[in-house]
Amino acid sequence: MFIVMVATECAPVAKVGGLADVVFGLSRELEVRGNSVEIILPKYDCMRYDHICGLQEAFHDLLVPFYDQWIHCSVFFGFVHGRKCFFIEPHSHNNFFNRGIYYGHQDDPERFAFFCRAALEFMLKSNKQPDIIHCHDWQTGLVPVLLFDIYKYLGMSHPRVCYTLHNLKHQGVTGGHILRAVGLNRPDYYVNQDRLQDNFNPSAINLMKGGIVYSNFVTTVSPGYAWEIQNTDLGYGLNHTLHVHGQKFGGILNGIDYDVWNPEIDCYIPYNYGIDTLDVKYGNKEALRHRLLLRQDFKPLISYIGRLDHQKGVDLIKHAIFYALDNGCQFVLLGSSPDPGINDSFRHLKHHLNNNPDCHLEIGYNEELSHLIYAGADMIVIPSLFEPCGLTQMIAMKYGTVPIVRATGGLKDTVFDADYSDKPYNERNGYVFNDANREGLESAMHRAIGMWHAYPQYFRELMVNGMRYDYSWNHPGQHYMNIYEYIREK
Ligand code: ADP
């Protein structure tokens, strides 16, 4: 099969969060299974160009209609750790992708609507007829709309579209002018309950809803989250739409890329180890402490890695730091937020804890350091208010780092409580709490810390159980292949 991924992130070249890992990891798995995969991305100025091999211009004069003009674009091609990637660079005064950051501008809907139109125009002009176009999140929600209402009639009648929802909190709710920008010139037709009209604001359009309505199949990133967005307020207004299209909707747990995340071969950690050499892990704990100037002492090291977004339970993360320190543990945090207020509050906390030899807060994005933390920590805390899938708990488990998580979305699907799970003991792999409040978090941390001290052998079993789980792309890769085959035949 020929599959084209249209996305706004791909690890490690343009990564903000888990979406990037999914685009890279799934593409790789699909290639391993004998498919041909290409990825179309914006050409951001702030990408990690050091991860692109052989970058060269592949298409000179791509003219993309936008409002009443044509925007001249160049398309570049390069390999990102073996994946074939095309990067679209518009030459216009809007400077859509030369902003120094990926997201967070007022005209984001316009920037990515343009990207959708450009990606299709590029496929048309370069005679690509993929079997499947797989697009992701609200930024690419217009791809199936444009494909089936414009490009199909220009010759692209073959492709089918799979659309993956990574986070319903962000839906691309915007004004109807975007429709005109990309050439969808019948506002009355599109601003309609059955199509793109936002379910809350009747005068707005919802780009994610467009993707759901027009795609041949819609997935989200875990079965737990699939249920939550249909049946709880985590659907943020799209519940009804997901029910209406329930026949073509399902949750598939993300995988992680074991070529990147594997303590046996990880080149970012000083000591490689596996289940049979678990004691070697503690060399990494020592190295982590050494690097972050923490004291070497007999105590558990608890970590947090991730975006410092409201979704992640920012107050609970802060509480976890103090609870850990008050209970004889060390704490290492690696995270950042696009919200300057949240970043500042963590900087303030960092300043406050600066002289504490048991705590280090690293405010920023650091891929290499994240590997050492996964390898060096004993536990990772993930107190998310909601979590579509969550990769950090799965990565942590592969490194024998025991997750302490809130029971939501993909966290609930992957972490099974040491004390209360109904799974057999050899399948329990962490600690889970229900209530997103201090008491809930403390109850789970208390049990985990207590186990580390009082029953080290049992704690070690939890580590090993986590390492044994197969959270690779193998199973999800097969699920996606089944979906692609299914929609091709329809
Ligand atoms: P989300 O997609 O909501 O950000 P996920 O758990 O799905 O959360 O994915 C997070 C990914 O981003 C993981 O690979 C994690 O290691 C990585 N990550 C998040 N924040 C940082 C950071 N500050 N430095 C390095 N890696 C990070």
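**The ligand site and a few local features**

Let me begin with the shell around the ligand, whose residues divide into 6 nonpolar, 9 polar and 5 charged. Please keep in mind throughout that this is a predicted model.

In total, 20 residues surround the ligand, and the closest are Gly 18, Arg 307, Lys 312, Gly 364 and Tyr 374. If we ask which parts of the fold supply this shell, at least two residues come from each of helix H1 (18-32), strand S12 (301-307), strand S13 (330-336), helix H12 (367-376) and helix H13 (392-398). In terms of domains, at least three shell residues are drawn from domain 1, which covers 2-255 + 474-488, and at least three from domain 2, which covers 275-468.

As for the ligand's surface, its accessible area on its own is 560 Å², and the protein covers 93% of that.

Next, the backbone. Most residues other than glycine have a negative phi, and most peptide bonds are trans. Against that background, I would point to the bond between Ala 11 and Pro 12, which is a cis peptide bond with omega at about -10 degrees; Pro 12 is placed in the loop that runs between strand S1 (2-6) and H1, and H1 is one of the helices that supply the ligand shell.

Finally, how many cavities of 30 Å³ or more does the structure hold? There is 1, and the space in this largest cavity is about 40 Å³. Its lining consists of Lys 43, Glu 89, Pro 90, Ser 92, Asn 95, Phe 96, Phe 97 and Asn 98, which by class gives 3 nonpolar, 3 polar and 2 charged residues.

Conventions:
Residues numbered from 1 in each chain as written. Predicted model: local features only at pLDDT ≥ 70, side-chain atom pairs only at ≥ 80, totals over all residues. Heavy atoms only, no water. 1 Å grid on protein atoms, 1.4 Å probe; cavity = no way out; pocket = protein on both sides within 12 Å on 5 of 7 lines; lining within 4 Å. Points joined across faces, edges and corners; volume = space filled by probe spheres on them. Nonpolar A, V, L, I, M, F, W, Y, C, P; charged D, E, K, R; others polar. Near = heavy atom within 4 Å. Areas by Shrake-Rupley, 256 points an atom, 1.4 Å probe, with all protein chains shown as cover. Helix = DSSP H or I, 4+ residues; strand = E, 2+ residues; numbered from the N terminus. Domains from an automatic or database assignment.
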